[in-house]
Amino acid sequence: MEDQEKVIQIAGSITVDELANELGLSVTSLIGELFKQGIVATINQRLDFDTASLIIEELGISGVKIEKKNTATKTSDIRHELSDHAVERPPVVAVMGHVDHGKTTLLDTLLNKKTVEAEAGGITQHISAYQLEHEGRKITFLDTPGHEAFAAIRQHGAMLTDIVVIVVAADDGVKPQTVEAIKFAQSANAKIIVAINKIDREGADIPRTMADLSQHGLQPEEWGGDITMVPISAKMNQNLDKLLDMILLTADLEELKADVDIPAEGLVIESHMEVGKGSVVNLLVTGGELKTGEFIVAGSAYAKVRTMADFRGKPKGKATPSTPVTITGFKELPNFGDRFIECPDEKTARKQALLNAQGESDALASSNVTSGDLLRMMNVADNSKMFNVIIKGDVLGSVTSVVDSLKMIDTHGEVTLNIVSTGVGDITENDVYMAAGDNTVIYGFNVSVPTNISKMAARDGVSIRNYKVIYELLDDAKSSMEDLLDAETVEEEVGEMKIKGVFRTERTSIIAGGEVLTGKAAATIPSPTGAGVDLPVYGRVYRNKELIGEVQVDSVQKEKIAVNELVAGETGGIAFKLDKKVVIELDDRVKFFTRELRKKKL
Ligand code: GDP
């Protein structure tokens, strides 16, 4: 019996309380043990399978084995092999590119051009997906708050874009977010089409933009490559039909299909609460047909589809694959990026939602720890640099995007991101209370900050940072995290000299002569950080490869005249600051370098 291992079965995740019970430890001693490992855990904190295994290993508990309990299929795992009667479906297209290169204008122009029947006043509400018709065929466009949002969707295990249209302004060329978009499309295995935009502009240079793109791995078809590039003007509505033609052509080559005679399934692409309607959720159907009155489950939330509308708000009874729809009827808000699936009846939907809830190790809030978080925490446990944040966003999707994107900032394990809380809606008094005294930053994304709240924050020394552009928010977070890093000492090589004679030792210096072999010899070098400071130059003295000591250059001479520097090949004299411990001799080699304390970058 003694040899028998105790088996703990974990269905997705386990709370600290449950784990303590299983291990026969008191909750406080488990929390205490975790604390020693640098993990601050609460009794109800959920730990995923990997984390629980790691903890058991770290705590050196023997005779215990943990196993993943097989729950019913998690909805997020569902994928289908297509049957032979799968039907053609519209392509799902995302438009990405550098800020100001014209993504919004392109989408707006297409929308106005192709959806003339849209009601007067057009679409004012933020929509995350819509469908156009071109040549009698449908194309689904996804509008995204940023690439990070996409990365977040990808993290949630979904592959939803068939084609990425990368918008590049012909008068600006490839920029950092263009490169990101290319990387994203490649990693998501999506087909790329480039829209070279703003060709109406005076500075537009199509060949140069193409050359720029080919430098980044996108070879234009015209030049024998495989990337379709369409010159357009989103603003002047030029060549947009050609772009749509190319999207359809690409879709044809991809043979995009889906089964319709299976239970409906797809993805949650947006969700928020609305007064009078309750939950309003945007879904993209990827398989089957979704109809009003059906039951669906997404993560731990389920719904009876009460109303369903297309992106213009027009009621719709049935949605086929690649169709974006807005539905009501979810009892609680599902998460952005969650997969949904139809269930035969309410009982099954509820049961599946519960199973998913147990299995969910969704890392939205820090109350759920994943093994990645854990490792990070362990690494920083000693010098525990915490960046505490509260995140508020206009809709759940943006909160999730911000959280996921923040988590993707790689701090090389040196800073721990601590998400104190997240929520949908404006910044409130409670947020400020929570942030006060704890160096917690409140990030708002597309929300407002009432005047009394900003006053309260100012009084309590709480920083509220409100953004409309996700990149700006992320940049701010990144630089705040950088501020938490210790400065590091950076050495840079300056040159090497061979000593050809030691002339004399003065009161404060030793004067030697030699030849510069590489680089240069100088007493000071301007800091390469561009900070406008001159850095002293030091030298490491080597004799037959053995390090003798370190000296500092005092001045440099050439033919007895003081000069700023001697360059490779030149011979001259160097005065080193006198250091009695380091005696310089004939044939020694001195390697010059600068040393600077620099702020670390992430
Ligand atoms: P986004 O940040 O990529 O969504 O870029 P926007 O669509 O907001 O466009 C940024 C600016 O470029 C706006 O002032 C647009 O009017 C302008 N713009 C977009 N497309 C074109 C175009 O084809 N021609 C010209 N001349 N301006 C454009």
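Select V165. Leaving out residues up to four places away in sequence, V165 touches V93, A94, V95, M96, L106, I193, A195, L243 and I247; a contact means heavy atoms within 4.5 Å. This is a predicted model, where local features need pLDDT of at least 70, side-chain atom pairs count only at pLDDT 80 or more, and totals for chains, interfaces and linings use all residues. Residues are numbered from 1 along each chain as its sequence is written, and side-chain values use heavy atoms, without hydrogens and water.

Next, select L106, F141, V165, I193, L243 and I247. Within the largest nonpolar core, of 27 residues, they touch the most other members. Such a core is a set of buried Ala, Val, Leu, Ile, Met, Phe, Trp, Tyr and Cys residues joined through side-chain atoms within 4.5 Å; buried means under 20% relative accessible area (1.4 Å probe, protein chains only). Among the elements giving two or more residues to this core are strand 9 (163-169) and helix 8 (240-254). Helix 8 supplies the largest share, 7 residues. Helices (H or I, at least four residues) and strands (E, at least two) are DSSP runs, numbered from the N terminus.

Now jump to F387, V399, I409 and L473. They are among the 22 residues of another core, apart from that one.

Move to the ligand. It is surrounded by 15 residues, with D100, K103, T104, T105 and D200 the closest; the shell cut-off is a heavy atom within 4 Å. Helix 4 gives the largest share of this shell, 3 residues.

Show two distances. A polar side-chain atom of T104 lies 2.4 Å from a ligand oxygen atom. For K198, a polar side-chain atom lies 3.0 Å from an oxygen atom of the ligand.

Conventions: Buried means under 20% relative accessible area, exposed over 50%, partly exposed in between (1.4 Å probe, protein chains only). A polar contact is a pair of N or O atoms within 3.5 Å; within protein, one must be able to donate a hydrogen and the other to accept it, and residues adjacent in sequence count only if both atoms are side-chain atoms.
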